[in-house]
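Take a walk through this model, from the overall fold to a set of charged side chains and then to one helix. Keep the structure in view while you read.

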Amino acid sequence: MEQNSPTIATTFTSMPNNFDLLRLCAALLVLFSHSFPLTGFAEPIARSGYGDGGSLAVSIFFAISGFLVTRSVLSRDFTTYFVARAVRILPALAVVVLLQALVLGPIFTTLTLNDYFSSHATYSHLKSVFIFNIHFQLPGVFQTLPHHSVNGSLWTLPLEVACYLILPFLVIGRILKPLVAWLLVLATAVALTVSVHWAGLGWTKPGPALFGSASTYPFLKYALFFVIGSALWIYRSAIPLNAGAAACCFVLLYAGSNTFIAPAILYLTLPYLVIYFALSVPVAPSTMKRLGDLSYGAYLYAFPVQQSLIQISGGSIAPLRLTAYALPIVLALAWLSFHLIEKPALKFKGGRAPREPRTADLPVPPIRVVS
């Protein structure tokens, strides 16, 4: 390490950042990744041994959220913290759920409109706005496609929100402090290791539900990225940011691909790389400020847009063409979502500002295809 390397803390407070851009790139990686299984093809990024593109994107989301939301919970009173999280997530989610049930569903359902609106499943879908009761399908909608979900991306919201709800209790328990925060990372890593190697949990056997539709394995898998991001914030004054450390992380990622230690290497390197590129690599943050934070809207709308395009094409569209067609539509909807719904809603969060200059500390999303 360079002796006079800037730390995460000094860089965060003195430089603009690229968190919005990184999250948008992760959301678009999800769109690209989903284009393959949704059309019945194998996803190429999965060959790296680090999971598919959607899984990598979710890992990025959780590392960023852990870093920024820990800052939020430590610098606000709990009421303001919960209000800030709620107004960031719920309004845009409510709109997309309503559009799915009341617009997209009637357009694509194979049922008569009378049968569609008489179905209990149509109204159960609206319960998705409560986050811990996600309903992925609508009656007669996309039932002939490889995946039947209207919006399979929503599966990660319960995981993310569960992390948000747990953080204040960690503050009360004095766990989010420099001398003990590393124990939280260790405990989560041990719990994940035990669930995988002793209990045999994984994607095909996710384990019991912990928070509504949030099962044990996916929660622990992504919560570990979250708590590592949280630790990076807590130890921000001691952790240097330099190109040498980032290069070492890249070398480790390359050397560990397709090995049995690949998951461990990803946890050791990806969160640091995310923070390094967010804080040390200038990529016109002023441009992103003018556009707004489009990542959450892109996350919410990508899956239903892709499913709609596949249905319109009769199921014959190729993955790259699907990506190309969906991309401008999703970005346009994300822009509308942010400027018409998300940004106005943020005015209601109230409370005092964080003690350090504020940056985007919004969630997002994450994604695994759910049939």
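A residue counts as buried when its relative accessible area is under 20%. By that cut-off, both R88 and D293 are buried. The model is predicted.

Start with the whole chain. The protein chain has 14 helices and two strands. Its radius of gyration is 20 Å, close to the 21 Å that the globule rule gives for 371 residues, so the chain is as compact as a globular protein of that length. Along the principal axes, its C-alpha atoms fill a box of roughly 70 × 50 × 40 Å. Of the 371 residues, 54% count as buried. Take the contacts between residues at least 6 apart in sequence: 80% of them join residues at least 24 apart. The accessible surface comes to about 16,100 Å², and carbon and sulfur atoms hold 70% of it.

Now the charges. How many salt bridges does a search of the whole structure find? It finds four. One of them pairs D293 with R23, at 3.2 Å from N to O. This pair links distant parts of the chain: D293 sits in the loop between helix 12 (285–291) and helix 13, R23 in helix 2 (residues 19–34), and 270 residues separate them. D293 counts as buried because its relative accessibility is 3%, under the 20% cut-off. R23 has a relative accessibility of 1%, so R23 is buried too.

D293 also forms a salt bridge with R88, whose closest N and O atoms lie 3.5 Å from those of D293. R88 belongs to helix 4 (residues 78–108), 205 residues from D293. R88 meets E342 as well, at 2.6 Å from N to O. That link runs from helix 4 to helix 14 (residues 319–346), across 254 residues. E342 is buried, with a relative accessible area of 1%. Through shared partners, salt bridges join D20, R23, R88, D293 and E342 into one network.

Finish with helix 13. Its 18 residues (295–312) should span 26 Å at 1.5 Å a residue, and the end C-alpha atoms are 25 Å apart, which agrees. Still, helix 13 bends by about 35° at Y301. A proline, P304, follows within four residues. Is helix 13 mostly covered or mostly uncovered? Mostly covered: 16 of its 18 residues are buried. After helix 13 comes G314, with a positive phi near 75°.

Terms used: Residues are numbered from 1 along each chain as its sequence is written. Side-chain values use heavy atoms; hydrogens and water are left out. The expected span of a helix is 1.5 Å times one less than its number of residues. The bend at a residue is the angle between axes fitted to the seven residues ending there and the seven starting there. Buried means under 20% relative accessible area, exposed over 50%, partly exposed in between (1.4 Å probe, protein chains only). The radius of gyration is taken over C-alpha atoms; the globule rule is 2.2 Å times the number of residues to the power 0.38. Contact means heavy atoms within 4.5 Å. Accessible areas come from the Shrake-Rupley method with a 1.4 Å probe; for residues, only the protein chains shown count as cover. A salt bridge is a side-chain nitrogen of Lys or Arg within 4 Å of a carboxyl oxygen of Asp or Glu.
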